[in-house]
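Me: Please take a close look at the aromatic rings in this model. Which rings pair up, and how are they set against each other?

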Amino acid sequence: MARRSEGLSDRLKRIMYFLTAFTQKNGYAPNIREIGDNISVRSTSLIDYYLNQLEQEGYISRDKHIARSIRVVKPLVEGQNIVENLKDMLRIPVLGRIVASEPLPMPTTDLGYFDPESSVEIARSLLPVRDRTNELFALEVNGDSMIDAMVNDGDIVIMRRSDEANNGEMVAVWLDDENSTTLKYFYKENGGVRLQPANPTMGPIMVKNPDKLRIMGKVVMVIRQFKTV
């Protein structure tokens, strides 16, 4: 973990090398899933996040609405560090999925859905929380109950471990009675807890006994999943 910036550089380099080789061989660019297969990352959200970094740095261009539109603008030279201005990177583990809809039991395989190497690399300057970064983890969102909060199905949420929350904070909670997990806004009221979705078609979850609810963490950042063709 002491060489996080080099870890990110290696991953982005692998993407760049693959983009160049694939395009030269086939005459067209790979899609997001083919890139993910090449670097052994299953989440399309993470691949899109890495492509955004490369695009912002001027190494590629693309049209998110057109399939296979990635174009290598600045070819990568062997041994070159392509993240020179992103020295202070943090690798955050992606632990699994969180339901952002009506609470559903979390399958026992969910926490094993991502391999141990799955992670998302983020510049510390982008994070609202600069201290206690060892308490950060990431989850892939499953469901659409938080769409009005700009959290959609397939997005990645960066969480900070916490067992308490203030009213209005977006939290991941475990519900003992349901044996399930969910992502909602948290409110204490009338001696209980209201878990409020951000979707007008869904009602709140009312927890009369706060002891039946366990807060797992607070959302500190959302990595959007862009819909691609």
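**The aromatic cluster**

Reply: Tyr28 is partly exposed, with a relative accessible area of 40% (buried means under 20%, exposed over 50%, partly exposed in between, with a 1.4 Å probe and protein chains only). This is a predicted model, in which local features need pLDDT of at least 70, side-chain atom pairs count only at pLDDT 80 or more, and totals for chains, interfaces and linings use all residues. Residues are numbered from 1 along each chain as its sequence is written, and side-chain values use heavy atoms, with hydrogens and water left out.

The structure holds three aromatic pairs. Rings of Phe, Tyr and Trp (its six-membered ring) pair if their centres lie within 6.5 Å; planes under 30 degrees apart count as stacked, over 60 as edge-to-face and the rest as tilted. One of the pairs joins Phe18 and Phe22. Their centres are 5.5 Å apart, with 55° between the planes, and the pair is tilted. Both residues sit in helix H1 (residues 4-26), and because they are four residues apart, about one helical turn separates them. Helices are DSSP runs (H or I, at least four residues), numbered from the N terminus. Phe18 and Phe22 are both buried.

Phe22 also pairs with Tyr28. Here the centres are 5.8 Å apart and the planes stand at 75°, so this pair is edge-to-face. Phe22 has a relative accessible area of 15%. Phe18, Phe22 and Tyr28 together form one aromatic cluster.

Conventions:
Helix = DSSP H or I, 4+ residues; strand = E, 2+ residues; numbered from the N terminus.
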